[in-house]
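Dear colleague,

Please find below the structure that I am handing over to you. My notes on it follow, and I would be grateful if you read them with the model open.

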Amino acid sequence: MHAPRPAVPLCTIATIPRQPQHCIEWAHQIAWQDKRKDDTFDSDDMEHIGWIYNAALERSKEFNIPGVTFQMTQGVVKNIIPAIASTNAVIAAATTSEALKIATSCNPFLENYMMYAGEEGVYTYTFEAEKKSDCPVCGNLARKLTVNGDFTLEEFIEMLGERPEAQLKKPSLRTEEKTLYQRFPPQLEEQTRANLKLKLRDLLTSGQEVAVSDPAYTIDFRFQLVFA
């Protein structure tokens, strides 16, 4: 959410500082090397940070640049990105509110989620996501698929690659009883290759379930094949 601080040319820092950050960078990169080059700078050492702050403050007075503070000095030297405490507060308040509602039943609790958009406002309309029983990810039922029983297994695999919900590239197929086609390892692919030329009705019965796996997915697609 915060872009990196832009780099400032060394010539600007050394000769024509325009911002308080330039004065801090001068104290850090130039003044320290000139006056304390034998000391290794430690950004967690408050004495070192204090020295940088005082040097930067003198530099800012020389060029009439206000705004140098100890906190800013720490931020510039350590490249600190400011934390957004309000986001943490919103999350803490929301979770505490939900815990109170669950414990006391004083109000219905969230069934799904809430969305907080800090720049646009708070959007708390929620809905309960409906679970599809034949969803390949979270469902427990096989999706019914009507196919031509005279299709060869190879033609069926090509059809799976064209289906928008799957678009499988290198599928392997199996039933509970046997492996129809397995791409890996090569030995098993060679053993099941002959099935590619067989018709589906010769390999399966109508209504039988087939599990389809693909290297592109971490789940198996389950289809109940019904012959037309």
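In this predicted model, there are 4 aromatic pairs. One of them joins Trp 32 and Phe 41, whose ring centres are 5.1 Å apart. The planes of these two rings stand at 80°, so the pair is edge-to-face, a label that applies over 60 degrees. Is Trp 32 buried or exposed? With a relative accessible area of 2%, Trp 32 is buried, whereas Phe 41, at 22% relative accessibility, counts as partly exposed. The line between these two classes is drawn at 20%. Ring pairs also bring in Trp 51, so that Trp 32, Phe 41 and Trp 51 are linked into a cluster.

A further pair is formed by Tyr 53 and Phe 70. Here the ring centres lie 5.9 Å apart and the planes meet at 75°, so this pair is edge-to-face as well. The pair links distant parts of the chain: Tyr 53 belongs to helix H3 (residues 46-62) and Phe 70 to helix H4 (residues 70-78), 17 residues apart. Both residues count as partly exposed, Tyr 53 at 21% relative accessibility and Phe 70 at 31%.

Five strands form an open sheet with mixed pairing, in the order S3-S7-S6-S4-S5. From one strand to the next, the twist averages 35°. Strands S6 (residues 208-213) and S7 (residues 221-227) run antiparallel and are joined by 5 bridges. Val 212 stands opposite Phe 221 in S7.

In soluble globular proteins, nonpolar side chains tend to be buried together. The largest nonpolar core in this model has 20 residues, and those touching the most other members are Leu 153, Phe 156, Leu 173, Val 212 and Leu 225. At least two residues of this core come from each of S3, helix H6 (153-162), S5, helix H8 (200-203), S6 and S7. Beyond its neighbours within four places in sequence, Leu 225 is in contact with residues including Leu 145, Val 147, Phe 156, Leu 204 and Val 210. A second, separate core has 16 residues, among them Ile 24, Trp 26, Ala 31 and Val 77.

Yours sincerely,
A colleague

Methods. Residues are numbered from 1 along each chain as its sequence is written. This is a predicted model: local features need pLDDT of at least 70, side-chain atom pairs count only at pLDDT 80 or more; totals for chains, interfaces and linings use all residues. Side-chain values use heavy atoms; hydrogens and water are left out. Two strands pair if DSSP finds at least two bridges between them. Helices (H or I, at least four residues) and strands (E, at least two) are DSSP runs, numbered from the N terminus. Axes are lines fitted to C-alpha atoms, for helices over the stretch in contact, and angles run from 0 to 180 degrees between N-to-C directions. A nonpolar core is a set of buried Ala, Val, Leu, Ile, Met, Phe, Trp, Tyr and Cys residues joined through side-chain atoms within 4.5 Å. Buried means under 20% relative accessible area, exposed over 50%, partly exposed in between (1.4 Å probe, protein chains only). Contact means heavy atoms within 4.5 Å. Rings of Phe, Tyr and Trp (its six-membered ring) pair if their centres lie within 6.5 Å; planes under 30 degrees apart count as stacked, over 60 as edge-to-face and the rest as tilted.
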